[in-house]
Amino acid sequence: MSEQGVECKLSRRQFLSLSSAAAAALGVAPIAGSAAESFAEDGVSADDYYAKLGVAKIINAAGTYTYLTAACMPLQVQRAVAQAALHPVRLKDLQLAAGEYLAKKLRCEAAIVTSGASAALTLATAACIASANGARPEEIPENVDKMKNEVVVQKAHRYEYDHAMLLCGVRIREVVTLEDYRRALCPNTVMTNFFNAAEVRPDGAQIDRETWLSVAHEHGVPCHNDAAADMPPIENLWKYTGMGFDLVCFSGGKGIHGPQNAGLLLGKKRLIDLATANNNPNSDAVGRGMKVAKEQIVGMVAAVDWLLEQSDEKNQAEYMRLTDIIANAVKDVPTMQTRVFMPSVANHVPHLLLSYDPSVVGITPQQVQEELRAQTPSIELNPATGTSSRAGIPSDEHTIVIATWMLQPGEAEIVGRSLKATLMKGRA
């Protein structure tokens, strides 16, 4: 019988009940459930707009990637978002109250909910420009070329999110060695940016996190840490501000399980206040288009509340249980070797590496990836599958990569069966 056939025999209420029971038996809170069931107690029926729009639902065995809509929100976050949608409030009042609440929860001086981590980086840059120059929001970016305007970054930390800083009109100054770094910090420097996930890259950041921070502070320059994907562990939400970073950003829709279009900027109150001045709903500001709705602000607060009730140990044990299900499903594929890799910084969760000889099995990892993507239900594997080009994951052209932490109840079994069938079909 097809997976769809099995699914049809379970009502939504039965499926949610079974999922919750299974999670409870493991001591793990369910991440998400049916939206229809979530609000059934209020007498609200939820239309399936994915079905109405003809958009296929997927099984996410890849990870918290934006192009796969990142994480699913837990039920208590979904309900908080729905409740917030029922009443208007003054947006500035909500933003300030949410920031004060989050700062207390996350052990920092101040916080602001942003429209994702990229927007947080833009607002951090604007805050540092304002701090160094006494600049008003309406002067950024138009007059920044006439101001102190340099952001210092390690060459190995350059990335596509440089655009978030460049929106403010700054110039990025690259450094490689510690001597380069000391020379680059000058009266024209407004900020340094440290890409947390790149600290351990083999291609070569030479200056570690602690040294980067201390040298910036020796020169009186504020330091921003891009920790967008660095949750779990939960303690990272206060670890980097506790180290002394002036500003730290996190994605809200990845490991925190908040709304995907939300994020956090944490740090020193003086700089967070300047970031707030450059944020929406202020009209003449670089952050005006980075609007965070009342629902997303409340959802971000609710997600932090939910997260602080979780256990890293229990969550990691559950991810490993799901990983073992998939590994056991494919163990009889000829030449198959399995191992688990845990990135030390970003996406610090188990990644299952399935390595085999395509000439024996008859299908390459990238062909497997395409076949699983084309089937129903569509399954997305980690983008490191079949390549050695993605930094941080030790894969190659003979390796399938799977992350299980975004899987919903019952999906690990589907992934395992689908992988085995596809790999064995290659031998036929």
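Is Asp162 buried or exposed, and at what relative accessibility? At 6% relative accessibility, Asp162 counts as buried, where buried means under 20% relative accessible area, exposed over 50% and partly exposed in between (1.4 Å probe, protein chains only). Welcome to the close-ups: this is a predicted model, in which local features need pLDDT of at least 70 and side-chain atom pairs count only at pLDDT 80 or more, while totals for chains, interfaces and linings use all residues. Residues are numbered from 1 along each chain as its sequence is written, and side-chain values use heavy atoms, with hydrogens and water left out.

**View 1. Strand 5 and its parallel neighbours, strand 3 and strand 6.** Helices (H or I, at least four residues) and strands (E, at least two) are DSSP runs, numbered from the N terminus. Two strands pair if DSSP finds at least two bridges between them. Strand 3 (residues 150-154) is joined to strand 5 by four bridges, and four bridges also join strand 5 to strand 6 (residues 223-226). To find your way, look for Glu150 opposite Thr189 in strand 5, and for Phe195 with its bridge partner Asp226 in strand 6. Seven of the seven residues of strand 5 (residues 189-195) are buried, so this strand is largely enclosed by the rest of the structure.

**View 2. Aromatic pairs at Phe195 and Phe194.** Rings of Phe, Tyr and Trp (its six-membered ring) pair if their centres lie within 6.5 Å; planes under 30 degrees apart count as stacked, over 60 as edge-to-face and the rest as tilted. The whole structure has seven aromatic pairs. One of them is the tilted pair of Tyr159 and Phe195, at 4.6 Å centre to centre with 50° between the planes. This pair links distant parts of the chain, 36 residues apart: Tyr159 is in the loop between strand 3 and helix 8 (162-166), and Phe195 is in strand 5. Both Tyr159 and Phe195 are buried. The ring centres of Phe194 and Trp212 are 6.3 Å apart and their planes stand at 50°, so that pair is tilted.

**View 3. A charge over the ring of Trp238.** Arg107 lies over the face of Trp238, at 3.8 Å from the ring centre. The criterion asks for NZ of Lys or CZ of Arg within 6 Å of the ring centre and within 35 degrees of the ring normal.

**View 4. Salt bridges of Asp162, Arg136 and Lys57.** A salt bridge is a side-chain nitrogen of Lys or Arg within 4 Å of a carboxyl oxygen of Asp or Glu, and the structure holds 18 of them. Our opening residue, Asp162, meets Arg158 at 2.5 Å, N to O; Arg158 is partly exposed, with a relative accessible area of 31%. Salt bridges that share partners join Arg136, Glu138 and Glu139 into one network. Arg136 is partly exposed at 47%, whereas Glu139 counts as buried at 15% relative accessibility. Elsewhere, Lys57 and Asp48 meet at 2.8 Å, N to O, and Asp48 is partly exposed at 28% relative accessibility.
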